[in-house]
Amino acid sequence: MDERNRRAFLIGAFGAIAVFAVLLFVVGARSVIDTLLSATPSLVAATFALALCWLAAWSLMLRTVLAALDVEIPLVKSFFVYAGAVFANNVTPFGQAGGEPIAALLVSKVSDARYETGLVGIATVDVLNVIPSISLVLVGVGYYATTAAIGERLETAVGSAIALVGAIVVVMVIVWRYRNRLIDRLPAIIAPRLGRLGLDRFDSETLEEDLTDRMGRFFENIERVATDRWRLSAVIGLSLCGWLFQTAALLIAFAALGQTVPPYVLLFAIPLANLAGAAPLPGGLGAIDAVFVTLLVPTTGVPASTVTAAVLIFRGAIYWMPVLIGGLSVSGFGVRALR
């Protein structure tokens with residue numbers, strides 16, 4: 001890790017600690033700790049088991065997408081590859097935006113696929129995960145509206161989520177429509193600037209040809225995935241299963257603390273809270289947790305200390321467990337690649 005990346009990581013880590021400190025100060029750290037100590041161990045274990053099911057479902061997504069690109073990864077290995085991708089997302093700022101290049105490199109090393117193929121694979125998984133998440137938000141909020149008045153905070157969160165996703169879709173449509181122009185013109189703009197860095201490996205003319213070739217293959221791979229309707233349907237189905245496993249995990253985390261909450265509230269709270277992963281913190285650490293508490297306290301009627309404790313159990317399963325498994329996976333795959 002170079003000096004710039006180390007500084008960014010440390011700033012993000014201190015930022016996450018600061019967010020947690022404020023959250024625990026507002027809610028009451030002692031109350032949260034006492035609530036955590038009262039949790040039923042078997043139900044906490046069930047929360048982690050359901051998180052493993054989520055990780056397995058989304059690893060199958062990646063495997064299915066890569067199969068559409070003629071990249072075959074064994075079933076068990078795909079689980080650890082995706083865990084490594086989640087690890088990369090969780091330890092870099094801006095969530096998927098920061099972790100995707102690392103995840104793509106991991107896929108390419110493990111499968112001997114081209115880097116841009118791995119990038120298409122992991123980016124497709126991230127993009128397709130948005131479709132079921134928005135559907136769950138609309139279903140959850142719609143049902144919640146039939147039982148209670150939608151508060152201003154929730155209305156703002158839902159509106160912001162729809163606006164953000166809409167903006168992303170518009171950008172994707174524009175990029176796809178003008179992809180040929182981008183392939184023709186963008187390398188000529190980027191290559192000379194990299195060449196001015198003074199590094200011998202950045203020869204402007206060679207780099208421009210290489211970028212053009214890579215961008216062309218990148219868009220060709222996207223088109224291959226998008227036109228394989230059977231696999232596309234299977235991937236979206238696996239994505240939905242993953243979101244439902246997360247919902248069940250948070251439901252059980254509340255049950256471990258003796259609380260029952262409406263499942264339809266969790267259906268929209270989980271996707272909305274995950275939008276905070278775009279914050280400049282490692283994997284959105286701290287920001288996502290705070291958004292969860294902000295959304296769940298008014299919509300469930302559960303005390304803030306209990307909500308915070310349930311969220312910490314859930315995030316331990318969804319965030320910290322993949323960091324451990326993925327970190328070991330990245331280390332193991334790295335050692336084998338070096339050998």
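**Aromatic pairs and buried helix positions**

F79 has a relative accessibility of 17% and therefore counts as buried, since the cut-off for that class is under 20%. The model is predicted. F79 belongs to helix α4, where S78, V81, Y82 and A83 are among the other buried residues. This helix covers residues 75-91, 17 residues in total. From first C-alpha to last, α4 reaches 25 Å, close to the 24 Å expected at 1.5 Å a residue.

Aromatic rings come next. A pair of them is described by the distance between the centres and the angle between the planes. Across the whole structure, a search finds 5 aromatic pairs. One of these joins F79 and F80 in an edge-to-face arrangement, with 5.3 Å centre to centre and 85° between the planes. F80 has 34% relative accessibility, so it counts as partly exposed, whereas F79 is buried.

F292 and F314 also form an edge-to-face pair, at 5.6 Å centre to centre and 80° between the planes. Because F292 lies in helix α13 (residues 287-300) and F314 in helix α14 (residues 304-338), the pair ties together parts that are 22 residues apart in sequence. F292 is buried, at 1% relative accessibility, and F314 is buried with a relative accessible area of 1%. Elsewhere, W54, W58 and W243 make up one aromatic cluster.

With a relative accessible area of 12%, T35 is buried. Leaving aside residues up to four places away in sequence, T35 touches L257, S305, T306 and A309.

Methods
Residues are numbered from 1 along each chain as its sequence is written. This is a predicted model: local features need pLDDT of at least 70, side-chain atom pairs count only at pLDDT 80 or more; totals for chains, interfaces and linings use all residues. Side-chain values use heavy atoms; hydrogens and water are left out. Buried means under 20% relative accessible area, exposed over 50%, partly exposed in between (1.4 Å probe, protein chains only). Contact means heavy atoms within 4.5 Å. Helices (H or I, at least four residues) and strands (E, at least two) are DSSP runs, numbered from the N terminus. The expected span of a helix is 1.5 Å times one less than its number of residues. Rings of Phe, Tyr and Trp (its six-membered ring) pair if their centres lie within 6.5 Å; planes under 30 degrees apart count as stacked, over 60 as edge-to-face and the rest as tilted.
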